[in-house]
Amino acid sequence: MTVLFAESALLPDGFAEAVRLEIDARGDLAAVEAGADPAGAARLAGVVLPGMPNVHGHAFQRAMAGLAERLEPGEASFWSWREVMYRFLQRIGPDELRAIAAQLFVEMLEAGYTALGEFHYLHHQADGRAYADPAELSWAILEAQRASGIGLTHLPSLYMAGGFGGRPAEPGQRRFVHDLNRFADLLERLRPRFAGDPNLRLGVAPHSLRAVPDEALGRVVDLADAVDPAAPIHIHVAEQVKEVRDCLEWCGARPVRHLFDVAPVGSRWCLIHATHMDDAEAELLARSGAVAGLCPTTEANLGDGLFDLGRHLAAGGTFGIGSDSHVSISPVEELRWLEYGQRLNTLRRLIAASEEQPHCGARLWREALAGGAQALGRRIGRLAPGHRADLIRIDSSHPILAGRQDDALLDALVFSGNVNLVRDVMVGGRWLVRDGRHVHRDEIAEAYRATVARLA
Ligand SMILES: [Zn+2]
């Protein structure tokens with residue numbers, strides 16, 4: 001049993017002082033007591049928060065961040081970025097993916113993310129043939145998870161078509177494509193590895209309405225049920241205006257509307273982006289209990305558009321944050337961009353704040369914890385008995401936080417600086433980051449540099 005004593009900690013009902021945290025051998029919180037005695041506990045100065053879940057990303061894209069920022073002939077859009085990405089991923093094999101993902105996971109941990117959802121669509125060899133072991137690239141992700149210690153919800157992605165209506169996949173997409181039987185086989189191979197490891201969860205990700213025909217979407221839900229009846233289901237939807245146009249042209253409905261028409265969307269679902277919705281779709285999403293998986297820095301980088309956060313929260317919607325293409329690895333930056341985008345668009349301030357929760361930064365942080373935990377389908381995001389001991393210690397002695405406490409401290413954390421104030425990070429009862437450095441930072445960074453040098 002590990003016993004910690006936090007001067008201040010964010011508990012489910014708010015901040016508390018003198019908090020004793022007892023952690024059992026599995027890495028779960030066994031007891032959490034405020035106003036406790038520090039005797040016999042390891043003392044944590046400053047403020048302890050639950051670690052932040054990162055609901056969405058594609059690990060290999062970390063190594064191409066910055067490579068798509070040079071103007072090439074033609075219009076620079078999401079679609080031209082996607083061409084650069086397709087070229088880049090042709091050179092990624094298991095060794096490259098392992099090294100890139102490990103570096104990414106270390107950066108995430110150091111930034112305060114303690115769990116992620118890996119939306120994994122890179123499955124096959126560069127020529128489109130399956131590897132001898134069809135789960136080869138999933139194993140690379142899992143090895144990187146083990147090397148870094150981060151919590152992982154692995155979401156193998158089903159990708160069948162190159163566009164709405166079952167259009168054939170393009171050559172650049174051949175590394176992604178499965179039929180349903182092979183996809184079911186992939187999940188079967190992965191399942192045993194996830195049983196009994198409390199830092200892991202297996203889910204399923206139909207890639208998008210573009211890539212998964214309606215008939216197959218129902219089968220994906222069956223496959224998710226076979227993993228387990230609460231297994232998370234993630235899907236990209238309504239990210240781009242062109243996608244909305246194409247969907248309307250194909251079936252007469254907008255993408256989010258159509259998704260609700262053909263799939264049993266509910267609380268185990270996470271709709272990634274859901275940027276372009278009309279009021280009726282926004283209402284559908286908010287009421288369904290599904291999580292909106294928002295990736296503000298990537299959505300800005302790709303020129304996707306702006307999710308209407310005020311409308312979503314007013315309707316009772318939940319959200320989590322993701323770093324998606326990994327152009328930024330910072331929960332602070334994601335949450336700040338999320339709020340600032342709204343302010344620029346509405347010419348108002350404090351969009352995420354409400355009468356009940358007047359602190360904007362604190363509300364953003366809490367909502368992202370709860371929505372992120374739900375989307376990843378794991379007992380995380382709360383310092384409470386039965387939940388994982390996934391936590392971060394913030395340096396509250398830093399001048400940025402001077403004189404700030406509790407919710408005002410979270411406001412300052414989100415809105416007043418670019419210094420990483422995360423000092424220590426624990427996942428499942430293990431310290432992975434001490435004094436700002438991941439315990440394996442140097443060797444993982446070295447392997448990453450060698451990999452990127454080879455790719456260049
Ligand atoms: Zn994505």
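Predicted model: local features only at pLDDT ≥ 70, side-chain atom pairs only at ≥ 80, totals over all residues.
Turning to the strands, an open sheet of eight members is found with mixed pairing, in the order β3-β2-β1-β4-β14-β15-β16-β17. Its edges are formed by β3 (29-33) and β17 (437-438), each of which pairs on one side only. Within the sheet, strand β4 (residues 42-50) and strand β14 (residues 391-394) run antiparallel and are joined by four bridges. In this pairing, V48 stands opposite R393 of β14. In general, the strands of a sheet pair through backbone hydrogen bonds, in either a parallel or an antiparallel sense.

Aromatic contacts were examined next. The structure holds eight aromatic pairs. In one of them, formed by F78 and W81, the ring centres are 5.8 Å apart and the planes meet at 35 degrees, so the pair is classed as tilted. F78 and W81 are both part of helix α1 (residues 78-89), where they stand three residues apart, about one turn of the helix, and both are buried. Another pair, that of Y121 and F176, has its ring centres 4.8 Å apart and its planes at 75 degrees, and it is therefore edge-to-face. Because Y121 lies in the loop between β6 (113-120) and α3 (136-148), while F176 lies in the loop between β7 (151-158) and α4 (180-194), this pair ties together parts of the chain that are 55 residues apart in sequence. Y121 is buried, with a relative accessible area of 4%, and F176 is likewise buried, with a relative accessible area of 1%. Y121 and F176 also belong to a cluster that ring pairs build from F60, Y86, Y121, Y159 and F176.

Arginine side chains are also placed over aromatic rings. The charged end of R343 sits over the ring of F415, at 5.2 Å from the ring centre, and R434 lies over the face of W431, 4.3 Å from the centre of that ring.

Among charged side chains, a search of the whole structure finds 34 salt bridges. One of these is formed by R379 and D28, whose side chains meet at 3.5 Å, N to O. Since R379 is located in the loop between α12 (360-376) and β14, and D28 in the loop between β2 (14-23) and β3, the pair ties together parts that are 351 residues apart in sequence. R379 is partly exposed, with a relative accessible area of 37%, whereas D28 is buried, with a relative accessible area of 8%. A further salt bridge connects D133 with R189, the closest N and O atoms being 3.6 Å apart. D133 lies in the loop between β6 and α3 and R189 in helix α4, so this pair ties together parts that are 56 residues apart in sequence. D133 is partly exposed at a relative accessible area of 24%, and R189 is partly exposed at 38%.

A salt bridge inside a helix is formed by D246 and K242, with an N to O distance of 2.8 Å; these residues are four apart in helix α6 (residues 241-251), a separation of about one helical turn. D246 counts as partly exposed at 24% relative accessibility, and K242 is partly exposed with a relative accessible area of 33%. Elsewhere, salt bridges that share partners join R26, D28, R379 and R388 into one network.

Notes:
Residues numbered from 1 in each chain as written. Heavy atoms only, no water. Phe/Tyr/Trp six-rings, centres within 6.5 Å; stacked < 30°, edge-to-face > 60°. Helix = DSSP H or I, 4+ residues; strand = E, 2+ residues; numbered from the N terminus. Buried < 20%, exposed > 50% of the residue type's maximum accessible area, 1.4 Å probe, protein only. Lys NZ or Arg CZ within 6 Å of the ring centre and 35° of its normal. Pairing = 2+ DSSP bridges. Salt bridge = Lys/Arg side-chain N within 4 Å of Asp/Glu carboxyl O.
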